[in-house]
Each structure stands twice: as C-alpha cells, then as structure tokens.
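Trainee: I'd like to go through this one with you, starting with how we sort residues by accessibility. Could you bring it up?

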Amino acid sequence: MAKTDGSDVALAKRDEKKAPPTIFSTLKQNAVEFSHALPATLDTDRFVRVVMTALRQNPQLQRCSTRSILAGAMTAAQLGLELNTPLGQAYLIPYHNNKRKCYEAQFQMGYQGILDLAWRSGQYRRIDAKVVYPGDTFHFQYGLNPDLVHVPNPKGPSGEPIYYYALYELENGGVNFVVMSREELDAHAQRYSQAFKKGKESPWQTNPDMMRLKTCIIRLLKYAPKSVEVAR
C-alpha cells in the first residue's frame, strides 16, 4: 500500500536532488561565465541555446566529456563566434581520445569565423579566397615583384580544382596573397589535421573546397594584422 503521509513525495524530491547534473544543466549554470567572456554584441541566452542545440543535433557530442565541451564553448565565447550554425563560424567536433579512452569535444574555427575575426581588426579593405580550375587563366609569382592574375573560364568551372589562393588588401594599401596546389593542401591536411583522419565524417570529405580555402586563409593571415580576438 502506498504511503499517504507525504514521505514518498519527500523521498522522490531527495532522489531528484541527488541526480547528477547533465551537460545541459551545466551549460545553464555556466551562463554567467560565458557572459563575462562574450562581446557585448552577442546575447548570453542565445549563445547557450546555440551550444545546446549543437549537442542535441549531434548525439556523439553528448558522449564527450563535460570539461571538453565547456572548454570549447568558452573558446567560442571569448572569440565571439557561434558554434555549429549555418554561419560556419566555428564548430565543436567530437574526437575519441585513445589515451584517455573517452570522447572529447574540440573547438575548430570555421572559414567564416576566420574572416569575421580578421574584419574586426578594421585594417582590411578586402579579404578573398578563390578556387582555380583547369581552363582558367592563372598566373602568380612571389619575390620582390609579386603578381597574381586569375581570370575564370567564362564557360564556368570544369574538372577538379588545381589551385586555391587567398589574398588581402589593407586600408593602408598593403597587399599579400598565398597560393597552394590541391595536392599541397591535402598533404598538409593529412599531416596536421585530426579532422582529415575522421574518414567520411570529416569536413575534408564533405566540403573539401571550404577546408582548403580555410587553410589558405590561415596561412595568409599568420603574419597579417590581427584583431585582439585573433591574437587570442
């Protein structure tokens, strides 16, 4: 027979209090910490919701350690970037740590996020990145008289890309560019990128052009003027 003196309700409440916090409740509890890191242009509640949505949409992320998820989210907050949205600014990506034998979430900046941070410096007049296909008129040279010429084929792209490049023009008139072949970029990714090794799930497989352009931009901006966020 069920108790009617209210003790069963009290026990249920006590057990509920003992339940371990979920990653979702932990994110809410850390909202104040995120607010201290976020720029004034980003709303804290929205930022937390975006992170929670990213977790709900990728069950693999929910298997990652709470510490790694909070660390990735804090990095995104400090940079003022949204995670795992169509904006393509930044991502939380699950990786299996073989040494620790657990999944961990790693922060990865997206192509658009890199551009956004560069624009914030206020020093750029133009930043661009392009793909070169067979049939395009393309010429470049480095040295004391650098030159870059790219005229896309008027008939449109055809065949596999052969080069990728990124360029910038500063407000003070300074310019610079980086050109990399497709083979060079893929070799670089295979050597340095953990995402490249994820197989079919890797963005290098699902959106290789975006990842190659991103690599060009990172190399281009390595010694270029940066905003405070990029410096971080």
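Mentor: Before anything else, a residue counts as buried under 20% relative accessible area, as exposed over 50%, and as partly exposed in between. Please also keep in mind that this is a predicted model.

Trainee: OK, so is Glu171 buried, exposed or partly exposed?

Mentor: Glu171 has a relative accessibility of 44%, and it therefore counts as partly exposed.

Trainee: Which residue does the side chain of Glu171 meet in a salt bridge?

Mentor: The side chain of Glu171 meets that of Arg125, at 3.8 Å from N to O. This pair links distant parts of the chain, since Arg125 is in strand 3 while Glu171 is in the loop between strand 6 and strand 7 (175–181), 46 residues apart.

Trainee: What else does Arg125 bridge to?

Mentor: Arg125 also forms a salt bridge with Glu169, at 3.2 Å from N to O. Arg125 belongs to strand 3 (residues 124–132) and Glu169 to strand 6, so this bridge ties together parts that are 44 residues apart in sequence. Arg125 is itself partly exposed, at 44% relative accessibility.

Trainee: And where does Arg126 come in?

Mentor: Arg126 has a salt bridge with Glu169, with 3.8 Å between the closest N and O atoms, and this pair again joins strand 3 to strand 6, across 43 residues. Arg126 is partly exposed at 41%, and Arg125, Arg126, Glu169 and Glu171 are linked in a network of salt bridges. The structure as a whole holds 13 salt bridges.

Trainee: Switching to aromatics, how many pairs turn up?

Mentor: A search of the whole structure gives eight aromatic pairs. One of them is Phe140 with Tyr163, an edge-to-face pair at 5.9 Å centre to centre and with 70° between the planes. Because Phe140 lies in strand 4 (residues 137–141) and Tyr163 in strand 6 (residues 163–170), the pair ties together parts that are 23 residues apart in sequence.

Trainee: What about the largest nonpolar core, which residues touch the most other members?

Mentor: That core has 27 residues, and those touching the most other members are Leu27, Phe34, Phe47, Leu55, Ile69 and Leu83. Several elements supply at least two residues each, including helix 2 (23–29), helix 4 (44–57) and strand 1 (90–97), while helix 6 gives the most, with six residues. Leaving aside neighbours within four places in sequence, Ile69 is in contact with Ile23, Leu55, Leu61, Cys64, Leu92 and Ala105. Apart from this core lies another one of 22 residues, among them Ile114, Tyr133, Leu170 and Leu213.

Trainee: Which helices do the buried residues of helix 4 pack against?

Mentor: They pack against helix 2, helix 3, helix 5 (59–62) and helix 6, and they include Phe47, Val51 and Leu55. Helix 4 has 14 residues and reaches 20 Å from its first C-alpha to its last, close to the 20 Å expected at 1.5 Å a residue. At the start of helix 4, a side-chain oxygen of Asp43 comes to within 3.2 Å of the backbone nitrogen of Asp45.

Trainee: Last one, where is Asn153?

Mentor: Asn153 sits in the loop between strand 5 (147–151) and strand 6, and it counts as buried at 19% relative accessibility. A polar atom of the Asn153 side chain lies 2.9 Å from the backbone nitrogen of Lys155.

Conventions:
Residues are numbered from 1 along each chain as its sequence is written. This is a predicted model: local features need pLDDT of at least 70, side-chain atom pairs count only at pLDDT 80 or more; totals for chains, interfaces and linings use all residues. Side-chain values use heavy atoms; hydrogens and water are left out. Rings of Phe, Tyr and Trp (its six-membered ring) pair if their centres lie within 6.5 Å; planes under 30 degrees apart count as stacked, over 60 as edge-to-face and the rest as tilted. Helices (H or I, at least four residues) and strands (E, at least two) are DSSP runs, numbered from the N terminus. A nonpolar core is a set of buried Ala, Val, Leu, Ile, Met, Phe, Trp, Tyr and Cys residues joined through side-chain atoms within 4.5 Å. Buried means under 20% relative accessible area, exposed over 50%, partly exposed in between (1.4 Å probe, protein chains only). Contact means heavy atoms within 4.5 Å. A polar contact is a pair of N or O atoms within 3.5 Å; within protein, one must be able to donate a hydrogen and the other to accept it, and residues adjacent in sequence count only if both atoms are side-chain atoms. The expected span of a helix is 1.5 Å times one less than its number of residues. A salt bridge is a side-chain nitrogen of Lys or Arg within 4 Å of a carboxyl oxygen of Asp or Glu.
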